[in-house]
Amino acid sequence: MDKSKRIGRYVKGSVVGGKPYNAYIPNLLPPEPPIDMSEIYPLLDKATAAIGRLDSMNMVFQDTARFLYMYVRREAVLSSQIEGTQSSLSDLLTFENDELPSVSIDDVAEVSSYVSAMYYGLEKLSEFPLSLRLIKEIHEKLMTNSRGSTKQLGEFRKSQNWVGGLHPSVAKFVPPPPESLMECLDNFEKYLHDEKNVMPVLIKAAIAHVQFETIHPFLDGNGRLGRLLITFILCIEGLLKEPLLYLSLYFKINKEEYYKHLQNVRLTGDWESWIKFFLQGVIETSQEAIDKAKRITLVIEKDRASIYESGKSNASVIAVHNYMQNHPMTNTAKIKEACGISLPTVIRSLAMLESLGIVKETTGKQRHKIFAYAEYISILNEGTE
């Protein structure tokens, strides 16, 4: 197979700051020659089985909503960290409880916008297909309140961007010039809905991610949106019933290799190596998510037993503990409203949970206190510190 036939072409870009540069235009999808599946099938089988086990978690665990709530936020933190933000999961949860986090408010606002974009995309995809129009709408949500919010949010770029370096002439990568953008994007959209070229969903998601990152259609937010697209594709294609698979931790841990694979596809046409790297990520990430769900379930069961064995168990304490399984960092006002119990009862219940070491107050304040389900959050915090 001559993989060099898959390599895109370079075009001379308009001079920026008096310096010429070359921009890269990828070949249209699907890749030609077609993907050689001979070495990929064994990994594909393992990845498909792994994601199947993840998708069936709702048969093992009674309430996958608790994991979904936190996994979306964990992914938002990790994906944003790849782009350089310093926010942790605890910072995001603190911010969502209307308190100042320990890091830059801009960092946390950016992560919070990622959460909004994820939920917005999932809601819209239950009604509409994944289209360029919807991608622009998701981008607008992603970039609202972000530091790049002045950079044409929700609009495809009309100027040249680049990755790495102070100028496109010395950049690590220069994506297509604006005049070639729509040709690439139109083909990208057609590939997403191409019924003639039937590919396994995981392969399709892997290819779509690289192509989106290569087109780099927005002035900012391309990396985060490109990672969101992976989960969206797996959901709309029916491989996942719930958006529980997120690859950002795998990409973060293997950051250099991740970027190397993206660039290698462009320089050598080697889609196969990227796809194998991607599938290995699916296998590892699926298992990690299942392991975390098991550990969290064991913590909840252990703590529930402690509550009953304490001799101080009552309906209000159980209600607060149940609420914090889905909202592991919260305040008294939210608990009062959600559980329908009085503020003094909420405070007594939290004091009871604190005395058992289940809940910790995080602010040290006399007022506007925030309470955390400490061990639960600690498990999910792994990798986001």
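Me: On a 1 Å grid over the protein atoms alone, a cavity is a set of points where a 1.4 Å probe fits but cannot get out, and lining residues have an atom within 4 Å of a point; which two helices give two or more residues to the lining of the second largest cavity?

Reply: This is a predicted model, where local features need pLDDT of at least 70, side-chain atom pairs count only at pLDDT 80 or more, and totals for chains, interfaces and linings use all residues. Residues are numbered from 1 along each chain as its sequence is written, and side-chain values use heavy atoms, without hydrogens or water. The lining of the second largest cavity includes Tyr71, Arg74, Leu244, Thr285, Glu288 and Lys292. Taking helices as DSSP runs of H or I with at least four residues, numbered from the N terminus, the elements that each give two or more residues to this lining are H3 (65-82) and H12 (271-309).

Me: Which element gives the largest share of the lining of the largest cavity?

Reply: The largest cavity is lined by 15 residues, and those nearest its centre are Arg6, Pro26, Asn27, Gln211 and Trp271. The largest share amounts to three residues, and the element that supplies them is H8.

Me: Is His216 buried or exposed?

Reply: His216 belongs to the loop between helix H8 (201-215) and helix H9 (222-236), and its phi is positive, about 50°, although the residue is not a glycine. Buried means under 20% relative accessible area, exposed over 50%, and partly exposed in between, with a 1.4 Å probe and protein chains only. Because its relative accessibility is 14%, His216 counts as buried.

Me: What is the relative accessible area of His368?

Reply: His368 sits in the loop between strand E4 (359-361) and strand E5 (371-373). Its phi, near 55°, is a positive value in a residue other than glycine, whereas most residues other than glycine have a negative phi. His368 is exposed, because its relative accessible area is 55%.

Methods
1 Å grid on protein atoms, 1.4 Å probe; cavity = no way out; pocket = protein on both sides within 12 Å on 5 of 7 lines; lining within 4 Å.
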